Amino acid sequence: MVAIIDYGVGNLFSLRSSFAAIGVEAAVTADPETIHKADRVILPGVGAFEDAARKLRETGLDRVVRAEAADGKPLMGICLGMQMLFERSYEYGVHEGLGLLKGEIRPIAERIGEGLKIPQMGWNALKIRRQSPILKYTQEGEYVYFVHSYSAVNCDESLLATVEYGADLTACVGLGNVFGCQFHPEKSGSVGLKILKAFCEAGGETEGAV
Amino acid sequence: MITKRIIPCLDVKNGRVVKGVNFLNLGDVASPVELAKYYSDHGADELVFYDITASAEGRGLFTDILTETARTVFIPLTVGGGINTTADFDRVLKCGADKVSVNSGAIRDPSLVGKAARLYGDQCVVLSVDVKRVDGVFRIFAKGGRENTGMEAIEWIRRCVGEGAGEVVVNSMDTDGVKQGFDLELLEKVCDVVKVPVIASGGAGKIEDFITLFKTLPGVDAGLAASIFHFGEVEISALKEEMRRNGISARIVDRAE
C-alpha cells in the first residue's frame, strides 16, 4: 500500500486515481500509523513552499516523513513535495526543508533568461542524467507535464533527469530510497504512470537508506 | 524545449457531449469520458470540459462525468461553465479538475479571480474571454457572447492577470466558426501585455491555421478548438507531425503503448 500524505495542500484526486490505474492500493492519509504501515510514501504538494512546510511541521508529519525515510522506506516527493525534500528554499525568504537531499530551491527566473514564461507550464522532454529504479521504464526525450516557478539547484548528488527551459532545470532526483519529481507524473499520461509504477517496484535497497 | 499545446474543447450538456461527434474510425460518440480517453490516447495535451447545463440536475451529471474522466485520463483537465464563486471552484476541483476557467463569473464579480488565485494558486485559475470588435475596438462579451459588456478587452485581460489569472483563453468571436484561421491581430495584442500562457481559440479550420498561429506569434502557447477535432477535419496526431516538420515543438505520443 502507498500512503499519499494529506497535509492540506493540493488536489490528491488524480494522484490516487493514478495508483488505481496501475493496480496499486493507495490511501490518502495524515495518520502516522497508516503511513508507518505503508510500503511506500508519496509527499505531494502544490502552492507556496513556506505555507506547505509550515503545515507539514504543524501536523508533525515532517518527523513522520523523516523517520520513514531513515528506515529505508521508498519516498517520493512530487512537485512542491519534491522541493521540500531539499535543505532549504528561497521562495519569498529562506525556509527550511526536510533536508533529506542536498541542495536548495531557487527561482527559475534567475537562470532561464528573458523571453520565457514563468511558471514553466506544459509538456517538456526529459534528459536522463543517471539511471535509477524509478526511471527503468522511461526513455530519453519522453514528455512529462510541468507547472513550476522554482527548481532544485546544487543537487548533483541526487540528480537523475533535467529539462531544457532556457537552462537545464532539475526534473527528477533520487538517492537511495528518496526520490522526487518536479513534474506531475499523475498528469503526464502513460509516461507518468510508468514512473509511478517503477516507484512502486523500487526497493530502496540500491544505495542504502539516506 | 517546452511544446506548444493542442487542446480539444468538449461542450457538455446534461452529461453528454453536445452535438455528438463523428470520427471516421470511431462512429458517433456522445460520452465525454470515452471522447476524453480517445483524445488523450491520440495526443491531446490537455482537455477543456465546458459545462453548458443550466439545471442543478445537469450540474450533478457534469460532476459525475468529470470524476469518471479524471479516474481514467491522466492529462491536465480544465473545467469551465457556470463558475461564479469559489464554491464552484471547489466543486469541480474535488472531482479531479486541475484548472478552472472563469468568464462571465469574473465579469459579474471582478474579485473572483483574485480570491480563487489566493485559495488555489494562480496556476489553477484560467481567465476565458469572448472578444469581438465593435467599431474597431476589442470588447468583452458576456453570457456566452450574447451581451456586450462595453469593457475594453486588452485592459480587462491585463487586469485579471494582475489579480492572479495564471493563463488566458482568448476566444475571438469574429473568427469563431469562420474556419479561416485564428485572430492573429487580437492575439498579438494580448501577448504584448501578459506574461502568462496564452491559449488561442476561435477560427481554426485546418492544420495550416495552427502552423501560421505558432509561427507568427511565438508568444502563443496553445491552440484550442472543438468541432474540427470532433468531426475529424483535423486529426491531432497529423497536426503534431506537421508542427514538427515546421520546426514547432510538439509532443507526439506513442500509440503502440
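This is a predicted model: local features need pLDDT of at least 70, side-chain atom pairs count only at pLDDT 80 or more; totals for chains, interfaces and linings use all residues.
Residues are numbered from 1 along each chain as its sequence is written, with chains lettered from A and ligands numbered from 1 in the order in which they are written.

The buried residues of α6(B), which spans residues 153-163, are B:Ala153, B:Trp156, B:Ile157, B:Cys160, B:Val161 and B:Glu163. Viewed down the helix axis, these buried residues fall within an arc of 155 degrees, so they line one face of α6(B); the arc is that of the directions from the helix axis to the C-beta atoms. An α-helix has 3.6 residues a turn, so residues three or four places apart point the same way. Just after α6(B) comes B:Gly164, with a positive phi of about 130 degrees. Helices (H or I, at least four residues) and strands (E, at least two) are DSSP runs, numbered from the N terminus.

After α3(B) comes B:Gly96, whose phi is positive, near 110 degrees.

Helix packing comes next. The axes of α6(B) and α7(B), the latter covering residues 184-193, come within 10 Å and cross at roughly 35 degrees. Axes are lines fitted to C-alpha atoms, for helices over the stretch in contact, and angles run from 0 to 180 degrees between N-to-C directions. The crossing of α6(B) and α7(B) is right-handed, meaning that the near helix is turned clockwise from the far one by less than a right angle. B:Ile154, B:Ile157 and B:Arg158 of α6(B) make the contact with B:Lys189, B:Val190 and B:Val193 of α7(B); two residues are in contact if their C-beta atoms, placed from the backbone, lie within 7 Å.

Helices α8(B), residues 207-216, and α10(B), residues 236-245, have axes that come within 10 Å and cross at roughly 40 degrees. The two are therefore oblique to each other, as angles under 35 degrees count as roughly parallel, over 145 as roughly antiparallel, 65 to 115 as roughly perpendicular and the rest as oblique. This crossing of α8(B) and α10(B) is right-handed. From α8(B), B:Ile207, B:Phe210, B:Ile211 and B:Phe214 meet B:Ala238, B:Leu239, B:Glu242 and B:Met243 of α10(B).

B:Ile6, found in strand β1(B), is buried, with 25 other C-beta atoms within 10 Å. Beyond its neighbours within four places in sequence, B:Ile6 contacts residues including B:Ala44, B:Asp45, B:Ile236 and B:Leu239.

Finally, the contact between the chains takes 26 residues from chain A and 24 residues from chain B. On the side of chain A that touches chain B, the largest share, 5 residues, comes from β8(A).

Key: A residue is buried if 20 or more other C-beta atoms lie within 10 Å of its own, exposed if 12 or fewer, and partly exposed in between; C-beta atoms are placed from the backbone.
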